[in-house]
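Okay, thanks everyone, let me put this one up on the screen. I'll keep it short.

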Amino acid sequence: MSDKTTIAMLVQRVETLEAEADIRRLQARYMFLCDTPCPEFGVRDDDHRIDLLMELYSEDAVWEGVGEYYDNQFGRAEGTAAIRRHFAEFWGGKHDSALLLNAHYLTSEQIHVDGDEATGQWIHMQPWLFSDGTALLRSSRLNNAFRKIDGVWKITRTRTENVFVTPLPENFAESHPSVSVLMRP
């Protein structure tokens with residue numbers, strides 16, 4: 001093998017590793033911004049949170065819940081305007097009991113890069129605590145797609161499918177912050 005071929009192969013491997021790292025950070029940032037309370041310092045309110053989330057998506061992106069549990073709960077949103085409405089309904093809609101705590105834990109990662117396109121699969125666990133003391137634990141599979149646009153990786157598809165939902169004991173978390181200061185300068 002020539003030096004030129006070896007260098008080209010090494011460049012390809014480095015680019016793939018960099019893409020995997022960028023996609024990993026992109027997916028983690030999405031989950032981080034979805035946590036309640038939002039742990040990113042400086043996020044003024046849920047509208048600002050949604051603005052930050054929308055920066056992660058391509059214009060032609062799709063967000064959808066699939067499978068027997070999520071089809072009716074989440075549906076399908078095509079394009080950034082529809083995805084923005086989906087998030088606004090979740091955070092801005094009137095709910096009987098306010099969401100006090102929601103944290104996303106990602107596991108079982110698989111990222112597959114093919115040039116400027118990629119897919120990623122994860123399983124996530126997510127405890128929820130509401131103001132009325134009720135709580136649940138949710139687990140979902142994620143099957144997402146990504147594209148590098150102008151040198152930046154963006155989410156082109158978020159697909160989520162329920163693994164299980166189960167109630168947790170009432171007030172399962174006896175102490176939790178009302179606001180996160182983790183990222184304060």
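I'll go through confidence, then the cavity, then one threonine.

So, this is a predicted model, where local features need pLDDT of at least 70, side-chain atom pairs count only at pLDDT 80 or more, and totals for chains, interfaces and linings use all residues. Numbering runs from 1 along each chain as its sequence is written, and side-chain values use heavy atoms, with hydrogens and water left out.

Confidence: pLDDT is the predictor's own score per residue, 0 to 100. The chain averages 91, with 96% of residues at 70 or more. Among the elements (DSSP runs numbered from the N terminus: helices H or I, at least four residues; strands E, at least two), α3 has the lowest mean, 71, and strand β4, residues 105–114, the highest, 97.

Now, what about the lining of the largest cavity: how many residues are nonpolar, polar and charged? It's 11 nonpolar, eight polar and one charged, where Ala, Val, Leu, Ile, Met, Phe, Trp, Tyr, Cys and Pro count as nonpolar, Asp, Glu, Lys and Arg as charged, and the others, Gly among them, as polar. The largest share of that lining, four residues, comes from α4.

Last, Thr-156, which sits in strand β7. Buried or exposed? Thr-156 counts as buried because its relative accessibility is 11% (buried is under 20%, exposed over 50%, partly exposed in between, with a 1.4 Å probe and protein chains only). Leaving out residues up to four places away in sequence, Thr-156 touches Ser-58, Asp-60, Ala-61, Val-62, Ala-145, Phe-146 and Arg-147, with contact meaning heavy atoms within 4.5 Å.
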